[in-house]
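Please keep the coordinates in view while reading.

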Amino acid sequence: MAIYRFRVSFEDFDEVVREIDIKSTQKFEDLHRAIHRSTGYDPEKPSSFYVSTDHWIKGDEIAYLPNQRKIDRGVRLMENVKLSSLIDDPHQKFYYIYNFDRPFDFHVELIKIILETDPNIEYPYVFKSVGAAPKIFDKNNPEAMAAAVVTAPNEFDFLNELDFVPEDTEELEAMGGTGINEQEKSGDDEEEKEDDEFSDEDDYEEQGYSDNDDDY
C-alpha cells in the first residue's frame with residue numbers, strides 16, 4: 001500500500017504550507033480532516049475538492065456536506081471516494097475550497113509517492129508545517145471583532161453603534177491615537193482652550209490699564 005504526500009497551500013497565502021502523508025486507500029474526507037487538524041479550522045463546514053489541471057482549473061467535484069442542489073446533481077461524496085481512484089498523475093493536483101459560507105481556497109498537489117508505510121505512524125500524518133494559518137474572524141465573537149479594529153481603526157465608530165465594549169481588550173488598549181485615548185486628548189484640548197481665553201482677558205486688562213494711564 002502506497003503513501004501519498006500532498007503539499008497543501010493557501011491560494012492567497014502561499015507562505016503557509018502543510019505537507020500531509022496519507023494512505024492511498026484512505027478517503028478524501030480523511031484528507032479534509034487532516035488539513036484542518038493542521039490549520040485549526042472547524043472541519044464540519046461544506047467543502048469540496050476538485051480534480052484540477054496543472055493551471056488549477058477545476059474539474060470533477062468531490063464534496064463534504066453538499067447542499068441539496070449538488071446532491072440532486074449526483075455529486076460524489078468525500079466519505080465515499082478513495083484517493084487512489086482519482087490519482088492519474090504522479091503530480092496530481094486538486095483545487096480545494098473550504099467552507100463555502102466564508103471560503104478559503106487551497107492548492108493540493110501530490111509531491112511524492114512512498115511505497116511503504118511506517119508502522120510507527122498513524123495516517124494521515126502532518127509531515128511538515130510552515131506558517132500560521134490565517135485567522136477567521138467571527139462577527140459574533142467580540143475578541144475577533146477587536147482584532148479587526150486593530151487592523152482597521154476606521155471601523156471603531158461602527159463597533160460603538162453595536163454596543164461593543166473595548167475596555168478589557170488588550171488590542172484596543174494598544175491603539176495610540178484612537179478610541180480609548182481620544183477622550184483624554186479631547187480633555188487636553190479643552191484645557192488649552194480655557195488657557196487661551198484667560199490669556200485674551202489678560203491682554204484686554206493690560207490694554208485697559210494702559211488707556212487709563214493716558215487719561216492721567
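One aromatic cluster is formed by Tyr-4, Phe-6, Phe-10, Phe-13, Phe-28, Tyr-41, Phe-49, Phe-94, Tyr-96, Tyr-98, Phe-104 and Phe-106. The model is predicted, with local features requiring pLDDT of at least 70 and side-chain atom pairs pLDDT 80 or more, while totals for chains, interfaces and linings use all residues. Residues are numbered from 1 along each chain as its sequence is written, and side-chain values use heavy atoms, without hydrogens and water.

The structure holds 14 aromatic pairs (rings of Phe, Tyr and Trp, the last by its six-membered ring, with centres within 6.5 Å; planes under 30 degrees apart are stacked, over 60 edge-to-face, the rest tilted). The pair of Tyr-4 and Phe-6 is edge-to-face because the ring planes stand at 75 degrees, with centres 6.0 Å apart. Tyr-4 is buried at 8% relative accessibility, and Phe-6 is buried at 0% (buried is under 20% relative accessible area, exposed over 50%, partly exposed in between, with a 1.4 Å probe and protein chains only).

Lys-58 lies over the face of Tyr-50, 5.7 Å from the ring centre, and its charged end sits over the ring of Tyr-95, 4.9 Å from the centre (the criterion is NZ of Lys or CZ of Arg within 6 Å of the ring centre and within 35 degrees of the ring normal).

Tyr-95 is also one of the residues in contact (heavy atoms within 4.5 Å) with His-107, leaving aside neighbours within four places in sequence; Arg-7, Trp-56 and Phe-94 are among the others. His-107 counts as buried because its relative accessibility is 16%.
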